[in-house]
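Colleague: Could you walk me through this model? I would like to know how its chains are built and how they meet.

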Amino acid sequence: MTDKPEETPEEESLPAEPEGPELPPAHPSRRGMFGAQDAGDTSGYGRLVVRDTSPTRGDSTPRPWADEFERLDEEFGAALQQAGQAYDDAVEKIVVDRGQMVIFIKRERLADVVKIFRDDPALRFEMCTSVSGVHYPEETGRELHVSYQLLSITHNRRVGLEVVCPDSDPHVPSITATYPSANWHERETYDFFGIIFDDHPALTRIEMPDDWPGHPQRKDYPLGGIPVEYKGATIPPPNERRSYQ
Amino acid sequence: MSDVTFTPAEETEDPYAGVRDTTEGPVYTVTGQDWEDVVGAAAAGEERIVVNMGPQHPSTHGVLRLILELDGEMVTEARAGIGYLHTGIEKNLEYRNWTQGVTFVTRMDYAMPFHNETAYVLGVEKLLGIEDDIPERANVIRVMMMELNRISSHLLAIATGGMEMGALTVMTAGFRDRERTLDLFELISGLRMNSAYVRPGGVAQDLPPGAVESVRDYLTWMWDHIGEIEAFCNENPIFKGRTVDIGYLDLAGCMALGITGPMLRSTGLPWDLRKSQPYCGYETYEFDVPTTDTCDAYGRYLVRMAEIKESLKIVEQCLDRLRPGPVMVQDKKIAWPAQLAVGADGMGNSLDHIRHIMGESMEALIHHFKLVTEGFRVPPGQVYIPIESPRGELGAHVVSEGGTRPWRVHFRDPSFNNLQAVPATCEGSMVADVIVAVASIDPVMGGCDR
């Protein structure tokens, strides 16, 4: 396997794209069936193209949605209009998946939008229960996602908000002025992902020590660990064990 | 300042002791056995005293650090410092397969392992789209374990809260009852805590023989003995003197700070996710949502006490509706193949299962091997699953990228969120009341720091 042939005739021998409905794009990080990277393709499935069906990427979920989500979107649109804001300026896209609605908000408008979510009588999301981050290193220009979970006790419903920012400019406006409960959650997200929440009253680390280098939940931050020996056999640390996609 | 006898920091062996000059004036750090120095500094007219209560303090429920600024006995500012028990569980999850994740999340809030497991598992099941295929028996067992867990968690909160006030008998009675609950966990799941019992698709194994009778005995015993703690506390003038109007936080405060659970219900709002946004079939059980309107530590104690009784009622209903049947989803591509059984040396691999895969069916062996080493794939997407834990809303944000491992799992832990109420409940009170106020929040640092 060490000396590779100079030319790979595989490209020519591959079949053409099958006819039919357009397929989703190739997945940004996955390829093949088992994810083997370190040796030759012994399974024969290594060139398999994995389609990217993640609802988080791509466009808005096509309508119609469930009634409750259509109504929420309508009420949100009306509230935006009442506040004198254009819908398209604030909303990037809306994903309805598995019975949950996630509204992607353009980050520069987040602080205004959450205030509307809390104060408008038709929306009245009194609580922000959770803020957390997700790192997608393969999404160039949209690597860092922050997801907010809002809860309306008045109307007994929930909605998720999501804001995207690039790795090169990891700034997101803070929502602590509207939801004081987001204070620690934003500190945690900063601590783990390095996302800077502008106008946060005291954005410091919360879980890791103050002088800790790096942000541990990012995908480029290694898990670490040491091999463990037991009765003569050595078990590698978890991030070096064989893994499957 | 003249009669202060502090040693300058550089002359002591302890780098943290002594006196330092800062921009705000001299700062004295006391570390014990220097009472004379403290008195001298106080006499010199130093007006700010900052006390670090914790992280190693018996009444902070683990490694919670409270930073208190005192004026005499009065707390003028209070801040909570957390992170001393951060173990990177969420990061570790990303390097294990979906089923192994249960073993990790159960260690987050170690006083409510079954709630952690269920929140995570409900998230995985929703991503898989199999939430309607979970067998009825598995759901009943999950509800029963969660309610038993709620009882043990509330008993722990009341018992340790009582101990911190000096009510040692409340502690012994509470731990006695909690121990019986943990015996049931051990009987059913094999472990007193960290059980990894709730699995994607169902539960790890069916109830062992004799479990139903044991739970019935337990219920009888609990109904006989739960009144003991109430008799100790409810009308006890000392207990009421320590808790009434202490740790006050009204509805507006709870809303702003995102507080849920008994703290929110002590303001009179009957918000309980088991009623308002039911999961695991809670809508089919009969129970009440107890509330009080006192907004204080006493009201929270009453709510917890009443919730224990409601949970006992739910456990009773669970026993009545247990019907024979599978406890794991029928889909063999998801259901964990390894079966456990109790052998001579305790819980271990079922010999019947070993015989089947090693001697009878090559396909079963391959299947076992694939699922245990590689695991199953979960279609891409993200869900947020909130459930009502003993401390409030426990949310699992589970993200999949289509692989055999979670892309990201984040737990919205109620202890983490509710500890933000420390300044609001403690400032302006006495130091002794801080203990009661924090105990009424009922933080568990394992869940808070994860």
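Modeller: Helices (H or I, at least four residues) and strands (E, at least two) are DSSP runs, numbered from the N terminus. This is a predicted model, where local features need pLDDT of at least 70, side-chain atom pairs count only at pLDDT 80 or more, and totals for chains, interfaces and linings use all residues. Residues are numbered from 1 along each chain as its sequence is written, with chains lettered from A and ligands numbered from 1 in the order in which they are written.

Colleague: How many helices and strands does chain B have?

Modeller: The C-alpha atoms of chain B fill a box of roughly 90 × 50 × 45 Å along the principal axes. Within chain B, the count comes to 18 helices and 12 strands.

Colleague: What percentage of the residues of chain B count as buried?

Modeller: A residue is buried if 20 or more other C-beta atoms, placed from the backbone, lie within 10 Å of its own. Chain B has 450 residues, and the buried share is 48%.

Colleague: And what is the share for chain A?

Modeller: Chain A has 5 helices and 11 strands. Of its 245 residues, the buried part is 31%.

Terms used:
A residue is buried if 20 or more other C-beta atoms lie within 10 Å of its own, exposed if 12 or fewer, and partly exposed in between; C-beta atoms are placed from the backbone.
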